[in-house]
Amino acid sequence: MDVVHVEDTRTRLLGTALRLFTEHGVEGTSLQMIADALGVTKAAVYYHFKTKAEITESVAEPVLRELEGIVDDARAQRTRGAQIDHLLDGFVDLVVRHRALVALFSSDPGIARAIEKSVHRSESFKNRLLEILAGPEPDALGMVTAQVLLAGIALAGGSPEVTSLDDETLRETLLSVGRKLYNRPRRRS
């Protein structure tokens, strides 16, 4: 099998898995269901992934990697305010672009386990993220505010109640809420 075909099959497999996870949850989706939806054998799925947990981690991994890049870029900003603004902008954009996956992050225990496993592998990433939002030596208020911002934006952005909002309206609304929470000035367009 050539490399391009293998990567294309892997990409299709992950897209199909995400769709099925969204419809049935991680626990309610079997490897056989993924194979059937792709029109391949279960052995073909096993060629790419040995377990459903590997598929779940691979579905979440690109978004987590992108978030890590946003955090690194935010840390490169010169002031804490600029770091918060950059992180907030990037995080909101990520949530809006990946609504379906974010909804799963927020509601499905299988995806939550995959994220937790990935974040634990990179404890320094979690610390860098929280340091931007809560400061280098956070007090209880700083730590809770950071958690409310991250969880609140993710839960609201992935909520079924906001699916009728277009991306730009959702993006602007989430940014507005995040800026208020951190007492950041409204940006001029």
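Accessible areas here come from the Shrake-Rupley method with a 1.4 Å probe. On that basis the chain, which is a predicted model, has an accessible surface of about 10,500 Å², and carbon and sulfur atoms account for 56% of that surface.

**The chain as a whole**

- The C-alpha trace spans about 55 × 35 × 30 Å when it is taken along its principal axes.
- Of the 189 residues in the chain, 43% are buried.

**Helices α4 and α5**

- Helix α4, covering residues 52-75, packs with helix α5, covering residues 80-97, at an angle of about 165 degrees, and the two axes are 8 Å apart.
- Angles over 145 degrees count as roughly antiparallel, and α4 and α5 are therefore roughly antiparallel to each other.
- The crossing of α4 and α5 is right-handed.
- On the α4 side, the contact is made by Val63, Glu66, Leu67, Ile70, Val71, Asp73, Ala74 and Arg75, while α5 contributes Gln83, His86, Leu87, Gly90, Phe91, Leu94 and Arg97.
- Sorted by class, the contact of α4 with α5 comprises 8 nonpolar, 3 polar and 4 charged residues.

**Helices α9 and α10**

- The axes of α9 and α10 cross at roughly 165 degrees and come within 11 Å, an arrangement that makes α9 roughly antiparallel to α10.
- The crossing of α9 and α10 is right-handed.
- From α9, the residues making the contact are Thr145, Val148, Leu149, Ile153, Ala156 and Gly157, and from α10 they are Leu170, Leu174, Gly178 and Leu181.
- By class, the contact of α9 with α10 holds 7 nonpolar and 3 polar residues, with no charged residues.

**Individual residues**

- Threonine 145 sits in helix α9, which covers residues 140-157, and is one of the α9 residues that make the contact with α10.
- Because buried means under 20% relative accessible area, threonine 145 counts as buried at 16% relative accessibility.
- When residues up to four places away in sequence are not counted, threonine 145 touches Leu181 and Tyr182, and Leu181 is among the α10 residues in the contact with α9.
- Arginine 171 belongs to helix α10, which covers residues 167-181, and counts as buried because its relative accessibility is 17%.
- Leaving aside residues up to four places away in sequence, arginine 171 touches Val92, Asp93, Val96 and Arg97, and Arg97 is also one of the α5 residues that make the contact with α4.
- Glycine 81 lies in helix α5 and, with a relative accessibility of 16%, counts as buried.
- Between glycine 81 and arginine 10 the separation is 71 residues in sequence, and their C-alpha atoms are 40 Å apart in space.

Definitions and conventions
Residues are numbered from 1 along each chain as its sequence is written. This is a predicted model: local features need pLDDT of at least 70, side-chain atom pairs count only at pLDDT 80 or more; totals for chains, interfaces and linings use all residues. Side-chain values use heavy atoms; hydrogens and water are left out. Axes are lines fitted to C-alpha atoms, for helices over the stretch in contact, and angles run from 0 to 180 degrees between N-to-C directions. Helices (H or I, at least four residues) and strands (E, at least two) are DSSP runs, numbered from the N terminus. Angles under 35 degrees count as roughly parallel, over 145 as roughly antiparallel, 65 to 115 as roughly perpendicular and the rest as oblique. A crossing is left-handed if the near helix is turned anticlockwise from the far one by less than a right angle, and right-handed if clockwise. Contact means heavy atoms within 4.5 Å. Ala, Val, Leu, Ile, Met, Phe, Trp, Tyr, Cys and Pro count as nonpolar, Asp, Glu, Lys and Arg as charged, and the others, Gly among them, as polar. Buried means under 20% relative accessible area, exposed over 50%, partly exposed in between (1.4 Å probe, protein chains only).
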